[in-house]
Amino acid sequence: MTDFLWLIPLLPLAGSAINGLAGRRLSKSAISLVACGAAGLAFLAAAGVFYGLLALPPGERHIEQTYFTWIASGDFAAGAQFLLDPLSAVMLLVVTGVGFVIHIYSIGYMHAEDGYYRFFSYLNLFLFSMLVLVLAGNFLLMFVGWEGVGLCSYLLIGYYFDRTSACDAGKKAFIVNRIGDVGFVLGILLVFATFGELEFGRVFGAIAAAPARYPAETAGIGILSAVALLLFVGATGKSAQIPLYVWLPDAMEGPTPVSALIHAATMVTAGVYMVARCAPIFSRAPIAMEVVAVVGALTALFAATIGLAQRDIKRVLAYSTVSQLGYMFVGAGVGAFASGIFHLMTHAFFKALLFLGAGSVIHALGGEQDLTRMGGLRRHLPVTHGTMLAGALAICGIFPLAGFFSKDEILWSAWAHGHPWIWALGLTTAGLTAFYMFRLVFLAFYGGERFSEDTRRHLHESPRSMTLPLVVLGVLSVVGGFVGLPAWMGLGPSRFEHFLEPAFELALPAQAAEHSHGTEFAFAALSVAVAAAGIFLAHRLYVARPGRADEIAVRVRGLYTLLFHKYYVDEAYDRVFVRPLIRSSEDVLWRALDVRLIDGAVNGVGRMVQAQAHLLKNIQNGLARSYAAWILAGGAAVLLYLAFWRG
Amino acid sequence: MEALFFYLLGGTALVAAVAVVALRRVFYAAGALIVCLCAVAGLYLLLEAPFIAAVQVIVYAGAIMVLFLFVIMLLDPFSANVFPDKSRRLRVLAPLLMALALLALYAMLRTYRLGGAPGGGAASSFERLAETLFSEYLLPFEVTSVLILVAIIGAVVLAKRRT
Amino acid sequence: MDLNHYLILSALLFAVGAVGVIVRRNVISILLCIEVMLNAVNLSFVAFSRYLDQVHGQIFVFFVMVVAAAEAAVGLALAIVLFRNRRTLNVDDADIMKW
């Protein structure tokens, strides 16, 4: 079964090629069939491969397949090499599964668009790139996938290319990602310089086999820490952490399925996956891990506070994504890699659900995205409302939905592995998450109807092709956590974590203090309580006493404005980085260097030739006398030569 | 004695040559040239080449200069028109170039001290001249006659009125 | 007097003649200056002949004179033609062979 590993990325690639090249001439149903078929078959192949992996004993769940040698130069050779182990298998299922569901959803959502074929072609191409990233067995191929998803993100954000804001958002995403990629590439180069290898198996093997040479670097920043930090820079770009998160909210310019798939479920999680994959390196670099955890926690809190004040439904979800990604990094940073991946999976379910639901709302309201102009939609959009409620409860971490298990594990690991402050930040963020999430739900679905009469007549529940995926994801959000039931529930250790163990066996285990199951349970209960408090507060402000929120906003006008304008970070970046860069490009590089120096040099050569010709043309000016003079001058020159150099 | 004559004749030749270059009217320049030619003939005599001196006076000063004078008479001899100069910088450049060439020549001469005592005059006797001319240089002699013929024909054809 | 004196005189005459060729604009004047140059050369030939005790120099002078005569004749004929066609003896006016 695992022989068909290569099919998984190849199917979406084929789908993308077909739709991209021939899509203009195909009917919409044909396009949908090709694209969703490719995604669906990829999912089936992934499931098959997963079962194939399960059939192997846990110790042998590590399969590498090289298809061809991509680069061979001197001593260095890099192959197109896929690695299948529990970690990549989980990612495969998430990517293809959620991807397939979103493809189905897009049939309904995008049916009125002219560039239908273009959308699906890009979407399939994205699947291909993400799968390459996930399956890659060496740093180089992973980087290929990394860049590929960045490209597709750019293409899809700028899908509505006739909108300047969309084009700008696409550029912003790509450029900010690129900044992170500098760190990533430097990290890869450092890996190569240190180990002479880029294959995961060999690099990690080398680290594990020589503990004297590659010890845990508690004393400062050694090679491993440097690599880890550089790689993490790349992760902050791709996974939207501080300071490179600014592109993600703008990326909402793309169609909602894109936001769901790329900017919630899969692409942005690539950074987390990468950190988890490089666990053998990170776990031996305590300083880097600390950085990861702190950045993650701060980002989580930071983004949550901004989400409190946003009016656009998709923006709220965007900042929520940034915040939840922070949680995943916290999990990785404290050494609980499996927990980070667990949250990645559950987050994929409920965040995709929430985005698709938001899409459903927007679709129903004919394009309205402002929360202050919605309200009372639960009567009109029952399925959407139900599923979104499930998704919201999941993200808040309410028992027994999926988010509870994954989020709780992370918070507990933060405490148990000796990071109380990070735990505190995480808990606060959980409260804020609950608040803003239910603010969204209440503003959109409850209370009085604040939209126009026109919109009201338009209002309709979405077609089956859109509601079915919502239901599927809703179910997953509810039961998805059950694969990772924690130990304190008395049913044995977490099966998810156990499954992922072989993938992390080369990593140093984290120092966990011993705590009783009772303590764990207490912490879990505390998290739920905090979340419930958040929901209750949101209810008070947006359902029980509508208008109260606005009153408070006026009272804390300064703070509210700060949050609404996302702490003016974009403006700050613009002032500090973008404008000086533009200025120096224009004035220094363009005007001075290019125009004056280079053009001047090139033109100068021309001018010199002209000047020379100007001089030389006098030899043939038609005057007999000057001809005579030249003859005599030549004769004199010969004489001089004979007199002084030969004599 | 010889030195006196040398400087006299040489000076005359030089001054006359400068006059040829400097005099505005062509007619006067031609006259100056005649003086120069005669001075040079005198120098030939000093150099013990009587035949050449004679030929110089007869042919050069006598025939060629007469030809010149005829043509000058024919074409506006006393014109005082100052022709516009299309290339004024040549006026400056030319003397410069020549000074340079002279410098070179002078340097050469310093290095190669030629000359010494003049040889006996026997070599330049009339008989020797005739002998060599009609034995060793017979072919060029005959060719020059052809040359003159060609020149005559050419001149006549060129100057004929096309009627 | 030794050879160098004559050579220097010859050189000076030549130089004067050359400058004249370049500086004067009247065609006939130019021809006159050419004659000066030729004479200078002749002088040096004869001087060599005298001081090297050979007759060849004088013979060469002979030929130079012949050629000078021929050249003067043809040159003057050209001057006549030029004058006839262009009413000018300014050599600067015959400049259509530019570039």
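**Reading helix packing and chain contacts**

Modeller: In this predicted model, helix α16 (residues 382-396) of chain A packs with helix α18 (residues 420-445) of chain A at an angle of about 170 degrees, their axes being 9 Å apart. Residues are numbered from 1 along each chain as its sequence is written, and chains are lettered from A in the order in which they are written. Local features need pLDDT of at least 70, and side-chain atom pairs count only at pLDDT 80 or more, whereas totals for chains, interfaces and linings use all residues.

Biologist: How are α16(A) and α18(A) oriented to each other?

Modeller: Axes are lines fitted to C-alpha atoms, for helices over the stretch in contact, and angles run from 0 to 180 degrees between N-to-C directions. Angles over 145 degrees count as roughly antiparallel. The helices α16(A) and α18(A) are therefore roughly antiparallel.

Biologist: Which residues of α16(A) and α18(A) meet?

Modeller: Two residues are in contact if their C-beta atoms, placed from the backbone, lie within 7 Å. Among those in α16(A) are H385(A) and M388(A), which belong to the set meeting residues of α18(A) that include T433(A) and F438(A).

Biologist: How many residues does each chain bring to the contact of chain C with chain B?

Modeller: Chain C gives 60 residues and chain B gives 68 residues. On the side of chain C that touches chain B, α3(C) provides the largest share, 20 residues. Helices are DSSP runs (H or I, at least four residues), numbered from the N terminus, while strands (E) need at least two.

Biologist: How many helices and strands does chain B have?

Modeller: Chain B has 6 helices and 0 strands.

Definitions and conventions: Angles under 35 degrees count as roughly parallel, over 145 as roughly antiparallel, 65 to 115 as roughly perpendicular and the rest as oblique.
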